[in-house]
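Subject: Structure handover

Hi,

Here is the structure for you to look through. My notes follow below it.

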Amino acid sequence: MTTTLPVLTVDDLSKRYGSGCAACRDHAETALQGNTCRHCGTVHALSGVSFEVHPGEVLGIVGESGSGKSTILNCLYFDEEPTSGHAYLAAYERGAADLWTASGERRRWIRNHLLGKVYQNPMLGLNMDFSSVANIAEKMIAANDRHVGRMEARARVLLEHTRIPTHRMKTSPRQFSGGMQQRVQIAKALSNEPPILLLDEVTTGLDLSVQARVLDLIKQIRRDVGVAMILVSHDLAVIRMLADRTIVMRDGRQVEAGLTDQIMEDPQHPYTQELVYSLL
Amino acid sequence: MNEPVLSLRNVSKAFTLHAQEQRVEGCRDVTFDLAPGEFVGITGRSGSGKSTVLKLIYRTYLPQAGEMRYASEAFGSIDLARADERTVLALRRQEIGYVSQFLRVVPRTTAREVVESAMRETGTDPSAARAEAERLLEHFELPKALWESFPQTFSGGEKLRVNVARAMIKRPRILLLDEPTASLDAHSKSKVRALLASLKTEGTTMLGIFHDLAFMEGVCDRELHMEAGILS
């Protein structure tokens, strides 16, 4: 019915660790135990994952540890190489060119200009030897902005937006609490105004009150900036609060996808039912 | 007579609980029309399938059989049972509202923000959304002192007023009311009643479940009765 182009399209994404054997490539159902081949030990981290993300939409990806949900984001951010599959961003070559066939140089350009990622572990997303302002400037320099005054002004706006106190902006995030580090990561991810944000377990391991503040920030960004997001979490409560649509992953496969409230209240798949009914 | 805004034809739903190897019937062959501006109440005992019908229309539940024909402003005549997820999300943002007895909000969001952000989702600019949120909270007599507080700390009646204001600020064409008065005292109930009466005069089409039959009479144009998943 609605006809706008998706911000992101992922088509038939697979990721294997190991070369695979005849058994697990052709008869995955009988050869695999969980996501691992009984015969050759190859791990099938992702098998044939496809989805779209639309403008302004928050897509939740939920599943247990090892279900493959973070691997999806790693492949999209070029942290890992997919074994097979295609991905298209509307903002890159008008959605006509596969991201995963792009050259290394083009990949860096896509990552710096069109993507923002927030890692579960802030050590991966931030340079702890730089100040918070410099962390944001680094991403902007990577996106070819070299005007120092403009970079600093933008960094300050973003850090204010993510409620980092002004007097601490020149401090290294190393000295920050977990919640503050996540907020600096979010500010950094937003600095190049990407059409899509990739959020990997951003509230995992934070105190509940800090978690609430990060969730509130995500909701606020969504409302004010209108950026599309993929929100990966094992926490159904987080997904329920923020995601419009949700994909349920298990052993590298999508077991169910639907409107988030439908997934929570009328889950169809036995595994989703198990997951939802164990929610406190 | 006006064309119906919503027509359900033979809508059925059963839930399969895999772990228990159980099949639970929600409703069967539900058929009715909702005319523009009409306020229809659904009565029936707990477990008779009343909420199931509302949740099917809102698509929180996936219908298994039947048709739910809706005359949408944006999309024309569509079958809600088969509409894609993006269309359903767009309708929820713009045309179809849902009020339950529970208020589910992001923690640390103030009452004013809860109501305001519902309107901003429709693309309204921030200052207009804020003004309208404040107008509605005033209209529903939520004490001003609570506007900048978190609804988690509110009483049942206060939460409900935030909940209704959040649904109403988008001026939905259809409002689904899932036992909104269940947890309220008599005074709060009468306020909700007055509120629904005023929505009706503004032309909102409503379909609601109320436990209190006496409360419903005089507000609703007509009542549908459900028993064991079947509309009688």
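A crossing of two helices is left-handed if the near helix is turned anticlockwise from the far one by less than a right angle, and right-handed if clockwise. Helices (H or I, at least four residues) and strands (E, at least two) are DSSP runs, numbered from the N terminus.

This is a predicted model: local features need pLDDT of at least 70, side-chain atom pairs count only at pLDDT 80 or more, and totals for chains, interfaces and linings use all residues. Residues are numbered from 1 along each chain as its sequence is written, chains are lettered from A and ligands numbered from 1 in the order in which they are written, and side-chain values use heavy atoms, with hydrogens and water left out.

**Helix pairs in chain A**

Two packed helices are described by the angle between their axes and the distance between the axes. Axes here are lines fitted to C-alpha atoms, for helices over the stretch in contact, and angles run from 0 to 180 degrees between N-to-C directions.

Start with helix α7 (residues 148-161) and helix α8 (residues 178-190) of chain A. Their axes come within 9 Å and cross at roughly 135 degrees. That makes α7(A) oblique to α8(A). (Under 35 degrees counts as roughly parallel, over 145 as roughly antiparallel, 65 to 115 as roughly perpendicular and the rest as oblique.) The crossing of α7(A) and α8(A) is right-handed. From α7(A), R154(A), L158(A) and L159(A) meet V184(A), A187(A) and L190(A) of α8(A). By class, this contact of α7(A) with α8(A) has five nonpolar residues, no polar ones and one charged. (Ala, Val, Leu, Ile, Met, Phe, Trp, Tyr, Cys and Pro count as nonpolar, Asp, Glu, Lys and Arg as charged, and the others, Gly among them, as polar. Contact means heavy atoms within 4.5 Å.)

Now take helix α6 (residues 132-142) of chain A with α7(A). The two axes come within 9 Å and cross at roughly 120 degrees. That makes α6(A) oblique to α7(A). The crossing of α6(A) and α7(A) is right-handed. On the α6(A) side, the contact uses S132(A), V133(A), I136(A), A137(A), M140(A) and I141(A). On the α7(A) side, it uses M151(A), E152(A), R154(A), A155(A), L158(A) and L159(A). The contact of α6(A) with α7(A) splits into nine nonpolar, one polar and two charged residues.

**Chain A overall**

Chain A has twelve helices and eleven strands. Its radius of gyration is 19 Å, close to the 19 Å that the globule rule gives for 280 residues, so chain A is as compact as a globular protein of that length. (The radius is taken over C-alpha atoms; the rule is 2.2 Å times the number of residues to the power 0.38.) The C-alpha atoms of chain A fill a box of roughly 60 × 45 × 40 Å along the principal axes. Of its 280 residues, 55% count as buried. (Buried means under 20% relative accessible area, exposed over 50%, partly exposed in between, with a 1.4 Å probe and protein chains only.)

Two loop residues of chain A have positive phi without being glycine. E201(A) has a phi near 50 degrees. It sits in the loop between β8 (196-200) and α9 (208-225). E201(A) is buried, at 6% relative accessible area. D251(A) has a positive phi of about 50 degrees. It is in the loop between β10 (245-250) and β11 (253-259). D251(A) counts as partly exposed, at 29%.

**Chain B**

Chain B has seven helices and ten strands.

How many of the nine residues of helix α1 (residues 50-58) of chain B are buried? Eight are, so α1(B) is largely enclosed by the rest of the structure. Among them are K50(B), V53(B) and Y58(B). R59(B) follows α1(B) and has a positive phi, near 70 degrees.

T60(B) lies in the loop between α1 and β4 (65-72) of chain B. T60(B) is buried, at 4% relative accessible area. Leaving aside neighbours within four places in sequence, T60(B) is in contact with D261(A), Q262(A), E265(A), D266(A), K55(B) and R92(B).

Best wishes
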